[in-house]
Amino acid sequence: MKTAIFPGSFDPFTIGHADIVQRALSLFDNIIIGIGTNSLKQSIFPAEKRLAHIRKTYENEPRVTVEIYTGLTVDFAREHNAQFILRGVRCVADFEYERNMAEANKHLTGLETVILYTRPEYAHISSTLVRDLYQHGYDIKEYLA
Ligand code: ADP
């Protein structure tokens, strides 16, 4: 069984995130979406709401499960016997960050990171953008999975 963890803040979970999950389903048997919580990182949408929203999105896809976790992603992956970390890359800035994380995680535990590139039409979509729009009263429905 090939199991991947898809870790992130998902504050909120966007159509860009959902696209990565959808495409990764042809690579892995199971995907565990891990909502990482960090007391230093201020979130807009409560973790429990994010959990409920993402679970609802995948209620008819038994190969995708969703959990909240604290601590290191590599520990969360180990707890679930996952062999892979799944991440998405939109731009050069993402690439540098993801490369560093992938290297550190590989060094720590041997876990492989699998990166999928964003679809060009979703490249501008980030949780930060969606949060900004939300905080300024815009309708964000079109960005949510
Ligand atoms: P984090 O706080 O860990 O960066 P995010 O929730 O912002 O978590 O993102 C989780 C993963 O999804 C990251 O690998 C990020 O690059 C990727 N991602 C975010 N938005 C998109 C998008 N529009 N297309 C593809 N990948 C994306």
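Reply: Leaving aside neighbours within four places in sequence, T14 is in contact with I125, S127, V130, Y143, L144 and A145, where contact means heavy atoms within 4.5 Å. This is a predicted model, in which local features need pLDDT of at least 70 and side-chain atom pairs count only at pLDDT 80 or more, while totals for chains, interfaces and linings use all residues. Residues are numbered from 1 along each chain as its sequence is written, and side-chain values use heavy atoms, with hydrogens and water left out.

T14 sits in the loop between β1 and α1. Helices (H or I, at least four residues) and strands (E, at least two) are DSSP runs, numbered from the N terminus. With a relative accessible area of 2%, T14 is buried; the term means under 20% relative accessible area, exposed means over 50%, and partly exposed lies in between (1.4 Å probe, protein chains only).

At the start of α1, a side-chain oxygen of T14 comes within 3.1 Å of the backbone nitrogen of G16. This is a polar contact, that is, a pair of N or O atoms within 3.5 Å; within protein, one must be able to donate a hydrogen and the other to accept it, and residues adjacent in sequence count only if both atoms are side-chain atoms.

On a 1 Å grid over the protein atoms alone, a pocket is an open set of points where a 1.4 Å probe fits, with protein on both sides within 12 Å along at least five of seven lines, and lining residues have an atom within 4 Å of a point. The volume of the largest pocket is about 1200 Å³. Its lining has 44 residues, and P7, G8, S9, K41 and R87 lie nearest the centre. α4 gives the largest share of this lining, eight residues.

Of the 17 residues around the ligand, S9, F10, G88, T118 and I125 come nearest; a residue counts as near if one of its heavy atoms lies within 4 Å. An N or O atom in the side chain of S9 is 2.6 Å from an oxygen atom of the ligand. For T118, a polar side-chain atom lies 2.9 Å from a nitrogen atom of the ligand. E98 has a polar side-chain atom 3.2 Å from an oxygen atom of the ligand. I125, one of the residues that come nearest the ligand, is also in contact with T14.

The backbone oxygen of S9 is reached by the side chain of R50 at 2.7 Å. R50 lies in helix α2 (residues 47-57) and, at 7% relative accessibility, counts as buried. Leaving aside neighbours within four places in sequence, R50 is in contact with S9, F10, D11, I35, S43 and F45.

Technical notes: Points joined across faces, edges and corners; volume = space filled by probe spheres on them.
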